[in-house]
Every structure is written in structure tokens, then in C-alpha cells.
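Keep the sequence and the model side by side.

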Amino acid sequence: MQPADLLIRSASARRLVLWGGLGAGALALSSLAAFAQGHALMINVSPSLPYWAIWVTRGAPVHRGDIILFDPPASPLLVKHFGAKPKPFGKRVSGVPGDIITEQNRIYFVNGQAVAKAKLESRFGEPLALGPTGRVPQGCYFVTSEHKDGFDSRYAAIGWICGQRILGVGRPIL
């Protein structure tokens with residue numbers, strides 16, 4: 001074999017490796033883009049959940065006990081406390097479709113089990129209207145927070161969280 005033949009083979013091999021690498025890179029970016037459409041990393045800055053990093057899967061089925069991330073409904077109370085464009089809320093699903101939500105003395109129950117107590121007023125002193133009671137509608141959820149000051153379904157300004165508001169199911173990672 002002549003030195004020129006080795007040079008050609010070497011240049012061909014380099015070209016083949018380059019094209020293979022470019023193809024693999026394009027495939028990896030395409031897969032990553034598809035993965036990103038269904039997943040997100042959310043950073044929690046609220047004390048209402050004890051986690052600061054939550055991995056979100058969009059379109060995942062929602063079950064009791066899950067953390068869901070959702071766009072809160074617009075209200076003057078929400079704007080005053082969280083601004084005109086609040087970040088998504090993350091809360092725990094306490095009531096699923098068909099469950100019965102009751103309230104007695106500002107304590108909320110899901111199927112007879114106490115899940116949360118509603119405060120009388122917000123941290124700015126506004127009265128807080130009680131949230132919904134009755135059977136949780138199909139496609140909706142009753143969400144609560146472990147935090148006593150959590151702003152969730154206990155209050156009318158949040159209420160039921162229904163499908164179109166849900167961004168995904170979260171899994172705490174930190």
C-alpha cells in the first residue's frame with residue numbers, strides 16, 4: 001500500500017466519522033427536543049411545598065397524593081399577592097373526581113378525612129372566602145398544601161383545579 005492510499009483512507013475515515021457524528025448529534029437533539037415537550041424542571045420558591053426542585057411530566061395521569069403544577073385562576077386576590085402574571089402553583093392532590101369534599105369550622109374533609117384548615121384572612125388582612133364543597137367534578141381536583149398558609153382549593157380564589165389549568169404531574173427531586 002502506498003502512503004497516498006493511507007492518506008485517502010484516513011481522510012475518508014475522518015469524513016465518515018464526521019458525518020456519523022453529525023447524524024448522531026442531530027438525532028440526539030431531536031430526541032431531546034421531543035423529551036422537553038413532555039417534561040420540565042420547575043424551581044419552587046414558595047414555602048407551600050417542602051421541595052425546591054420538581055420534575056414535571058406533562059400529560060401524565062393524576063392520582064390522589066400527586067403533586068400537580070397548574071396555572072392559578074385570575075382573581076384580584078391572586079394579583080395582589082402574586083402579581084399580574086403569577087408563576088405556576090404546585091399543590092398536592094387531596095381530592096379526585098367523585099370524592100366528596102366537606103367543610104366544618106373551616107376544616108376541609110375529603111371523604112370524611114380532614115386534609116386542611118382554611119385561614120380567616122390572607123397575610124395582607126383580606127378575608128378569605130371558602131372554597132368549593134360537594135362532589136369533585138370529572139376532570140377536576142381538590143388540591144391542598146402541607147403549609148398552613150398555602151393558597152389552594154380551600155379558598156374560593158383557587159377552587160377546583162380542572163384539566164385545562166394543569167401543566168403536569170410533579171415529582172420532587174430536591
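## Strand pairing

I101 stands opposite G134, a residue of β8. This is a predicted model, where local features need pLDDT of at least 70, side-chain atom pairs count only at pLDDT 80 or more, and totals for chains, interfaces and linings use all residues. Residues are numbered from 1 along each chain as its sequence is written, and side-chain values use heavy atoms, with hydrogens and water left out.

Strands here are DSSP runs of E with at least two residues, and helices are runs of H or I with at least four, numbered from the N terminus. Two strands pair if DSSP finds at least two bridges between them.

The open sheet has four strands in the order β7-β6-β5-β8, paired antiparallel. β7 (113–117) and β8 (134–135) stand at the edges with a single partner strand each, so one side of each lacks a neighbour in the sheet. β5 (residues 100–104) meets β8 over two bridges. Four bridges join β5 to β6 (residues 107–110); T102 has F109 as its bridge partner there. F109 is in turn the bridge partner of A114 in β7.

Two residues separate β5 and β6 in their hairpin, and N105 in the turn has a positive phi of about 55°. The hairpin of β6 and β7 also has two residues between the strands; N111 takes a positive phi near 50°.

## Charge pairs

The structure holds six salt bridges. Each is a side-chain nitrogen of Lys or Arg within 4 Å of a carboxyl oxygen of Asp or Glu. The table lists three of them.

| Pair | Closest N to O |
|---|---|
| K119 and D149 | 2.8 Å |
| K148 and D149 | 3.2 Å |

K148 is exposed at 58%. K119 is partly exposed at 24%, and D149 is partly exposed at 36%.

## Main pocket

The largest pocket has a volume of about 700 Å³. A pocket is an open set of points on a 1 Å grid over the protein atoms alone, where a 1.4 Å probe fits, with protein on both sides within 12 Å along at least five of seven lines; lining residues have an atom within 4 Å of a point. The volume is the space filled by probe spheres set on the points.

Of its 28 lining residues, S46, S48, F82, F89 and K91 are the closest to the centre. β1 (39–43), α2 (76–82) and β4 (89–95) each supply at least two lining residues.

Notes:
Buried < 20%, exposed > 50% of the residue type's maximum accessible area, 1.4 Å probe, protein only.
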